[in-house]
Amino acid sequence: MKTDQTKESRATAETAVYGSEEMLTPAPTEFIPQHKTTPEIAYRMVKDETYSQTQPHLNLATFVTTYMDDYATKLMNDAININFIDETEYPRVAVMCGRCINILANLWHTPEKNAWKAGAVGIGSSEACMLGGVAAWLRWRAKRRKEGKPYDKPNLVMSAAYQIVWEKFCQLWQIELRTVPISLEHPTLDAEAALKLCDENTICIVPIAGVTWTGLNDDVEALDRALDRYNKNTGHDIPIHVDAASGGFILPFTSPDEKWDFRLKWVCSISTSGHKFGLVYPGLGWVVWRDKSYLPEEMSFSVNYLGANITQVGLNFSRPAAQILGQYYNFIRLGFDGYREIQQNSMSITQYCHDEIGKMHCFRNYSPKVVNPLFIWYMNPEYEKRAKWTLFDLQASLQQSGWMVPAYTLPKSMDEVIVMRVVARQGMSRDMADMLLGDIRNAVAEFEKLEYPTPSRIAYEKKIHQKGRVFTH
Ligand SMILES: *Cc1c(COP(=O)(O)O)cnc(C)c1O
């Protein structure tokens with residue numbers, strides 16, 4: 001086996017890819033190779049390294065789009081060399097981006113009267129959440145400053161089932177993150193408990209539409225009502241930012257009458273992932289403010305770039321334009337009806353899997369309701385007492401058939417509960433659901449033949465024992 005990376009490759013256009021020296025040489029891990037090689041060989045080396053990974057279609061762990069139609073794919077590939085920030089060169093991309101923001105703002109019932117709604121595009125919800133959070137922090141700071149009050153101890157209140165981006169946001173901007181634990185009695189954000197954590201330094205409360213951990217929705221309407229009372233009594237004016245990474249593209253289509261958006265008084269900004277149920281390939285996120293007055297001026301940067309003055313709101317500068325075209329294409333191609341049909345199909349498949357899992361003696365669903373195209377379940381506590389396996393074993397077993405179905409423990413206060421989650425995105429059919437359920441049943445039948453507990457079960461028993469708990473929950 002040759003390991004000498006300095007040896008000049010003799011590969012020519014005629015070299016058979018797998019007859020080349022490169023195929024006998026370890027891949028570069030630290031230094032750029034000295035010599036060049038043919039594009040075919042370079043392509044194969046990179047391509048082959050990605051082969052062993054999960055099939056995107058069978059990846060039921062991710063929320064992110066793994067299917068777009070051929071025209072969308074063509075459109076996005078055609079735009080692969082377009083930088084969104086070059087507004088002067090590609091002004092129509094910026095216009096289409098603005099139209100997408102308008103469409104989302106109206107889908108979420110904005111009261112904004114301006115023709116162009118206040119919003120921004122991001123790489124994902126992470127950037128969109130950060131922008132919503134920064135705006136809330138700057139507004140709070142400006143108000144405190146004007147009142148001559150200290151503004152050095154901001155805090156943010158949300159459920160402990162937050163997505164990790166909020167921890168990042170709070171850490172990067174030095175904001176205290178105050179969390180409300182979830183429990184079986186309060187599986188979503190408890191509004192009264194959230195308000196108990198609020199004070200004059202609270203920059204905003206962040207309910208989640210489509211909680212990543214559980215698939216449930218925080219009750220934004222109840223929170224808004226309670227907050228209205230609270231703000232009246234205390235004289236504060238704490239606003240709401242809705243993290244609707246999933247829900248932003250689900251609720252308008254499946255539950256148009258449910259109020260979670262700008263129809264509520266205190267909702268001042270909403271973020272969503274265009275690359276989740278917006279049905280666009282990664283990375284795309286959106287944030288919309290209630291109206292221009294909620295977007296602090298300090299967040300708009302006027303930059304002179306490539307010959308023109310442009311105004312930009314965002315953490316990134318250069319970014320691909322393709323996803324924006326993909327989003328605008330989807331709006332035109334699918335329309336409201338198309339989105340509704342796809343989301344409803346995903347919901348029906350989820351409901352079907354949820355009900356079938358619920359019928360199995362060894363499992364119990366976390367919630368009787370399915371409100372987003374994802375759900376979680378855990379082991380039936382009675383069954384768990386004598387089980388020799390855990391859901392981590394089931395995850396590993398399903399992986400052998402190509403499925404990625406993640407098992408994990410819930411946040412803080414419930415971290416002894418192992419759950420398993422399925423996200424049924426566009427691309428998951430009833431036939432695939434039946435295959436998955438069949439594989440789960442077969443795996444369970446095998447586990448029930450076990451004579452000795454699995455290593456994961458032994459570790460789990462130890463953890464429960466250390467916590468001084470028996471199998472409750
Ligand atoms: C996925 C998710 C995020 C982060 O979104 P990205 O689009 O992956 O950056 C934030 N919040 C919630 C609730 C999410 O589900």
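This is a predicted model: local features need pLDDT of at least 70, side-chain atom pairs count only at pLDDT 80 or more; totals for chains, interfaces and linings use all residues.
## Overall build

Let's start with the big picture. The chain carries 13 helices and 13 strands. Its radius of gyration comes out at 25 Å, close to the 23 Å that the globule rule gives for 473 residues, so the chain is as compact as a globular protein of that length. Along the principal axes, the C-alpha atoms fill a box of roughly 75 × 65 × 45 Å.

As for contacts, take those with a separation of 6 or more: 69% of them join residues 24 or more positions apart.

## Surface and charge

Of the 473 residues, 52% are buried. The chain exposes about 22,900 Å², and carbon and sulfur atoms supply 54% of that area.

On the charge side, there are 51 positive and 55 negative side chains. The centres of these two sets sit 4 Å apart.

The peptide bond running from Pro282 to Gly283 is cis, with omega near 0°.

Leu279 is found in this loop too. Leu279 isn't a glycine, yet it has a positive phi of about 70°. With a relative accessible area of 4%, Leu279 is buried, because the cut-off for buried is under 20%.

## Over at His109

Another positive phi turns up at His109, about 60° this time, although His109 is not a glycine either. This residue lies in the loop between helix H3 (91–107) and strand S1 (119–122). His109 has 35% relative accessibility, so it counts as partly exposed.

Key. Residues are numbered from 1 along each chain as its sequence is written. Side-chain values use heavy atoms; hydrogens and water are left out. Helices (H or I, at least four residues) and strands (E, at least two) are DSSP runs, numbered from the N terminus. The radius of gyration is taken over C-alpha atoms; the globule rule is 2.2 Å times the number of residues to the power 0.38. Buried means under 20% relative accessible area, exposed over 50%, partly exposed in between (1.4 Å probe, protein chains only). Contact means heavy atoms within 4.5 Å. Accessible areas come from the Shrake-Rupley method with a 1.4 Å probe; for residues, only the protein chains shown count as cover. Lys and Arg count as positive and Asp and Glu as negative; His and the chain ends are not counted. The place of a charge is taken as NZ of Lys, CZ of Arg, CG of Asp or CD of Glu.
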